[in-house]
Amino acid sequence: MTIFYFTATGNSLDAAKQLGAKFPNAQLRSIPQERDTIGASEDAIGVVFPVFAANIPAIVTRFLRRVNLKANYKFAVAVHGGDPGPIGGVLARISDFDNVFDVETWSNYLPFNPDIPPVATDISGDIEQIAETIRARKTQKFKPDGGEPFDAAPWRLQALDYRWRKDCTACGTCMRVCPVANYTISEDERDENGVPLFKFSARCEGCMACLQNCPAAALHMPNEPTRYRYRNPNVTLSEIIAANEQKF
Ligand SMILES: Cc1cc2nc3c(=O)[nH]c(=O)nc-3n(C[C@H](O)[C@H](O)[C@H](O)COP(=O)(O)O)c2cc1C
């Protein structure tokens, strides 16, 4: 079995790891590292990703449109913070999954969850149920007309207003956890606080990996002064970097 995943703060990777552990020889592959058009052929193939605005992250949609996943059984796991929206129907427009599961976790959407301390969500029961369903090769088809996701444009544009505060140590973590290499840093040019100038291009996925994984909590949204940041306790920063860093 191959499980493709995308993660910004580790919840989807945690789910992919826990699910992979239930199957012998399951392989985990990070979607941002799959740059070429691939054809994967397996008995079972899974795709695990976070729900963004009741939708599939754009990077996952591009992946699904580009790849040729051939398997006797194809499943998706939508990892979300309480409202997966019409995700089964949305996926059905893009690819033909035999089953679409959802797993509720801690929501990493900072504007709605700014001040609450992070908790580890126990997803082991959900994962066991999903694994049993996969083993039994049960199918559940969704109709593509199950409602509309929210408009994703505003939160992706919001990212253009991210700001670095003076606590920034220029460690470069924000650049390394970004799945689309959206940042460049200019060490020579600094702002009035001495923070190196970061340049932010328009490729942003709005995943908030940069904001959430900053070790100094120095990267902020406008009007968001909290230092609270979230990463799934079962996943390390090195794992997020390995999953997302774009090396050229
Ligand atoms: C931009 C954005 C939009 C989100 N939209 C939703 C949503 O519509 N419904 C929901 O339940 N959770 C939503 N979330 C929360 C994530 O789906 C959830 O925290 C997920 O577990 C994050 O996975 P990750 O840690 O693998 O990145 C959103 C998160 C972000 C960053």
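**Colleague's note on the predicted model**

1. Helices here are DSSP runs of H or I with at least four residues, strands are runs of E with at least two, and both are numbered from the N terminus. The phi of alanine 217 is near 45 degrees, a positive value in a residue other than glycine. With 5% relative accessibility, alanine 217 counts as buried; the term buried means under 20% relative accessible area, exposed means over 50%, and partly exposed is in between (1.4 Å probe, protein chains only).

2. A word on the basis of these notes: this is a predicted model, in which local features need pLDDT of at least 70 and side-chain atom pairs count only at pLDDT 80 or more, while totals for chains, interfaces and linings use all residues. Residues are numbered from 1 along each chain as its sequence is written, and side-chain values use heavy atoms, with hydrogens and water left out.

3. Alanine 181 also deserves a look. Its phi is near 50 degrees, again positive in a residue other than glycine. Alanine 181 belongs to the loop between α6 and β7 and is buried, at a relative accessible area of 16%. As background, most residues other than glycine have a negative phi.

4. Next, the salt bridges. The count comes to 10, taking a salt bridge as a side-chain nitrogen of Lys or Arg within 4 Å of a carboxyl oxygen of Asp or Glu. One of them joins the side chains of aspartate 43 and arginine 137, at 2.4 Å from N to O. Aspartate 43 is in strand β3 (residues 39-50) and arginine 137 in the loop between α4 and α5 (153-158), so this pair ties together parts that are 94 residues apart in sequence. Both ends are partly exposed: aspartate 43 has a relative accessible area of 38%, and arginine 137 has 32% relative accessibility.

5. Arginine 62 and glutamate 205 form another salt bridge, with their closest N and O atoms 3.0 Å apart. Because arginine 62 lies in helix α2 (residues 58-66) and glutamate 205 in the loop between β8 and α7 (209-213), the pair ties together parts that are 143 residues apart in sequence. Arginine 62 is partly exposed at 41% relative accessibility, whereas glutamate 205 is buried at 4%.

6. Please check glutamate 245 too, which forms a salt bridge with arginine 176; the closest N and O atoms are 2.9 Å apart. Glutamate 245 is in the segment after α8 (237-244) and arginine 176 in helix α6 (residues 173-177), so parts 69 residues apart in sequence are tied together. Glutamate 245 is buried, with a relative accessible area of 16%, while arginine 176 is partly exposed at 37%. Elsewhere, a network of salt bridges links Lys22, Glu128 and Arg135.

7. On to the rings: the structure holds 11 aromatic pairs. Rings of Phe, Tyr and Trp (its six-membered ring) pair if their centres lie within 6.5 Å, and planes under 30 degrees apart count as stacked, over 60 as edge-to-face and the rest as tilted. Tyrosine 109 and phenylalanine 112 make an edge-to-face pair, 4.7 Å centre to centre with 75 degrees between the planes. Tyrosine 109 is partly exposed, with a relative accessible area of 25%; phenylalanine 112 is exposed, at 67%.

8. Tyrosine 183 and phenylalanine 198 also pair edge-to-face, because their ring centres are 6.4 Å apart and their planes lie at 80 degrees. Tyrosine 183 is in strand β7 (residues 183-190) and phenylalanine 198 in strand β8 (residues 196-200), so the pair ties together parts that are 15 residues apart in sequence. Both residues are buried. Tyr183 and Phe198 belong to one aromatic cluster with Tyr162, Trp164 and Phe200.

9. Finally, the surface carries a patch of negative charge in which Asp102, Glu104, Asp122 and Asp126 gather. Patches are made of residues with over 30% relative accessible area and no salt bridge, like charges being joined within 9 Å and nonpolar side chains (Val, Leu, Ile, Met, Phe, Trp, Tyr) within 5 Å. Asp and Glu count as negative, Lys and Arg as positive, and His and the chain ends are not counted. Aspartate 126 is in helix α4 (residues 124-135) and is partly exposed, at 32% relative accessibility.

Definitions and conventions
Accessible areas come from the Shrake-Rupley method with a 1.4 Å probe; for residues, only the protein chains shown count as cover. The place of a charge is taken as NZ of Lys, CZ of Arg, CG of Asp or CD of Glu.
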